[in-house]
There are 2 protein chains.
Amino acid sequence: MILINGVEADRISVNDRGFQYGDGLFETIEVIEGQPVFLGQHLLRMSTDCAKLNIPNPDIKQLTDEIYRVCKYEKWAVLKIIITRGIGGRGYRQPEPINPTRVISLHPFPEYPHTYAKLGINARFCNTRLGLNPTLAGIKHLNRLEQVMARAEWNDAAIQEGIMLDITDHVIEGTMTNLFYVKNSVIYTASLHLAGVAGVMRGIIKRLIAEHNLTLIEHDYGKEKLLAADEAFVCNSIIGIWPVKQMGNVGFAVVNLTSQLQDWLRQFKEQSLADAR
Amino acid sequence: MILINGVEADRISVNDRGFQYGDGLFETIEVIEGQPVFLGQHLLRMSTDCAKLNIPNPDIKQLTDEIYRVCKYEKWAVLKIIITRGIGGRGYRQPEPINPTRVISLHPFPEYPHTYAKLGINARFCNTRLGLNPTLAGIKHLNRLEQVMARAEWNDAAIQEGIMLDITDHVIEGTMTNLFYVKNSVIYTASLHLAGVAGVMRGIIKRLIAEHNLTLIEHDYGKEKLLAADEAFVCNSIIGIWPVKQMGNVGFAVVNLTSQLQDWLRQFKEQSLADAR
């Protein structure tokens, strides 16, 4: 089921600025037994991103009603919300007033083997670099050509994620995930002030790290730091946390803190789902 | 009239990757008496950009037929062609095979006063910066949030264009135009290796400059070079060439080379239209 502005449909105006210019943003949410997981966090990030792009925030009550209408009866699925600046004329100038378009769609949950979360995944470095742009960094906007180009670099089913560097050789994130690494019991991740998406799951992991009095350092770092790490893991709202077991030739044998974080995430998710019921 | 894959329609699948990720590119073309101006140059740039994004080039014969179908009978209009990577599933991974979507639409020619071309326009510097990305620089792709954000900075009808710098303070282009300046009879423009759109009109002006044995220097330059120029002008396929008469507090009094280029462009355009008939 797809709802476009509250109505069941699967086609959008060609004059929608999402199509014309990628002028919008999106959220990707896990659905369990009709419940969108971490919905509050996703709606908060969506509102923050809308504000940054100067897109009026959708009516949250109305949006939430529509979300539950779409999720109802679903055992396990992926919910995608797209918000655009709505329909406009030719030219970059924004329409006045702005009537945002909201598209809510449901997708099958991807069939990832359980081993990915348990034993880890194989990752590679992508050649496609992330550009630098402080205005757009962090936002989950619809300008995603960099990720598309990076994901097109490999077809090998044995590789589950590609890691992207920015044009100044800093490691930023995976094509569809954020990336953390562990060295001497300290956790590190990229700071995302010039590139990258500040994922909801990344935010949750930051919170879990803080709540358990571990140290997180957000910084700019190069390949060599990652390759010398004790542990590395990627995350997003659909996969949760996947350890990286192999990065090119380099293997990561340890999953101490990674599996600890997976446990805490499981508990936090169960609590969050229980609270929402 | 809008043609989507050859069929009259005005709605597109929400699963089109143009809508999901801005995964595509576009062309904007002037139409005079049913003739798309500089169509050959636009189709060539489109093919080059398709190759860079790994989108299969549309069948040019079919596309040209559709373009003429849409342009027929139009006295003066703007033709827009959008090519996307077509319909795909959720996720950045590209569909296999890729069946590109083509959208051909016609729009009223904007009502620009004649004074813009004759006497020049007022421009301002935008605060929104262009990000740096060598992979995407030059391509007229659908990831246009930077231009949208920049164009939203001003509402003053007395200002016709905003000039964008990149994040390292180099002057790149206007929100919808390329920018040239003249100093001591030498013409300069930004090199676009890290940011900007390599416009078709920019290419034509480069050709006119070369044919008339003038000197063009493509380089990285800052605000101060532009503000110390003798002449400055912006260009695109719809407006042709507009002199800049005022840039913030700084005025440009001279239009020697600019009006010379306007003359050459007029002749080249007439010749090109005559050849196409």
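**Exercise 1. Strand S15 of chain B**

Task: Explain why strand S15 (residues 240-247) of chain B is largely enclosed by the rest of the structure, then list its pairings.

Solution. 

Step 1. Count the buried residues. In this predicted model, 7 of the 8 residues of S15(B) are buried, so the strand is largely enclosed by the rest of the structure. The cut-off matters here: a residue is buried if 20 or more other C-beta atoms lie within 10 Å of its own.

Step 2. Look at strand S8 (residues 121-125) of chain B. S8(B) and S15(B) run parallel and share 3 bridges. Opposite B:Asn122 stands B:Gln246 of S15(B).

Step 3. Turn to strand S14 (residues 231-236) of chain B. S14(B) and S15(B) run antiparallel, joined by 4 bridges. B:Cys235 has B:Ile241 as its bridge partner in S15(B). The two strands form a hairpin, with 3 residues between them.

Step 4. Finish with strand S16 (residues 250-251) of chain B. S16(B) pairs with S15(B) in the antiparallel sense, over 2 bridges. B:Val250 in S16(B) stands opposite B:Met247. S15(B) and S16(B) form a hairpin too, with 2 residues between them. In that turn, B:Gly248 has a positive phi of about 60°.

**Exercise 2. An open sheet in chain B**

Task: Give the strand order of the 6-stranded open sheet of chain B, and place the helices that lie across its strands.

Solution. 

Step 1. Write the order. The 6 strands run S2-S1-S7-S6-S4-S5, and the pairing is antiparallel.

Step 2. Find the edges. Strand S2 (7-8) and strand S5 (35-36) of chain B are the edge strands, each pairing on one side only.

Step 3. Examine one pairing. Strand S4 (residues 24-32) and strand S6 (residues 76-84) of chain B run antiparallel, with 9 bridges between them. B:Val31 has B:Ala77 as its bridge partner in S6(B).

Step 4. H2(B) lies across S4, S5 and S6 of chain B, and runs at about 180° to S4(B).

Step 5. H3(B) lies across strand S1 (2-4), S4, S5, S6 and strand S7 (101-108) of chain B. Its angle to S7(B) is about 25°.

**Exercise 3. Where the chains meet**

Solution. 

Step 1. Name the elements on the side of chain A.

Step 2. S3(A) pairs with strand S3 (residues 11-13) of chain B in the antiparallel sense, over 3 bridges. A:Ile12 has B:Ile12 as its bridge partner in S3(B).

**Exercise 4. Two domains in chain A**

Task: State the domain bounds of chain A, then describe how the domains touch.

Solution. 

Step 1. The domain assignment gives domain 1 (2-108) and domain 2 (115-276) of chain A.

Step 2. The C-alpha centres of the two domains lie 25 Å apart.

Step 3. Count the contact. Domain 1 of chain A provides 20 residues and domain 2 of chain A provides 14 residues.

Step 4. Name the elements of domain 1. Strand S4 (24-32) and helix H2 (39-53) of chain A each supply at least two residues to the side that touches domain 2. S4(A) has the largest share, 8 residues.

Step 5. Sort that side. It divides into 8 nonpolar, 7 polar and 5 charged residues.

**Exercise 5. A hairpin and the scores**

Task: Describe the hairpin of S9(A) and S10(A), then report the confidence scores of the model.

Solution. 

Step 1. Pair the strands. Strand S9 (residues 161-165) and strand S10 (residues 171-174) of chain A run antiparallel, joined by 3 bridges. A:Met164 has A:Glu173 as its bridge partner in S10(A).

Step 2. Inspect the turn. The hairpin leaves 5 residues between the strands, and A:Asp169 in the turn has a positive phi of about 70°.

Step 3. Read the scores. Chain A averages a pLDDT of 96, and 100% of the residues score at least 70. The model scores ipTM 0.96 and pTM 0.96.

Notes:
Residues numbered from 1 in each chain as written. Chains lettered and ligands numbered in written order. Predicted model: local features only at pLDDT ≥ 70, side-chain atom pairs only at ≥ 80, totals over all residues. Pairing = 2+ DSSP bridges. Buried ≥ 20, exposed ≤ 12 C-beta atoms within 10 Å, placed from the backbone. Domains from an automatic or database assignment. Contact = placed C-beta atoms within 7 Å. Nonpolar A, V, L, I, M, F, W, Y, C, P; charged D, E, K, R; others polar. pLDDT = per-residue confidence, 0-100. Axes fitted to C-alpha atoms, helices over the stretch in contact; angles between N-to-C directions.
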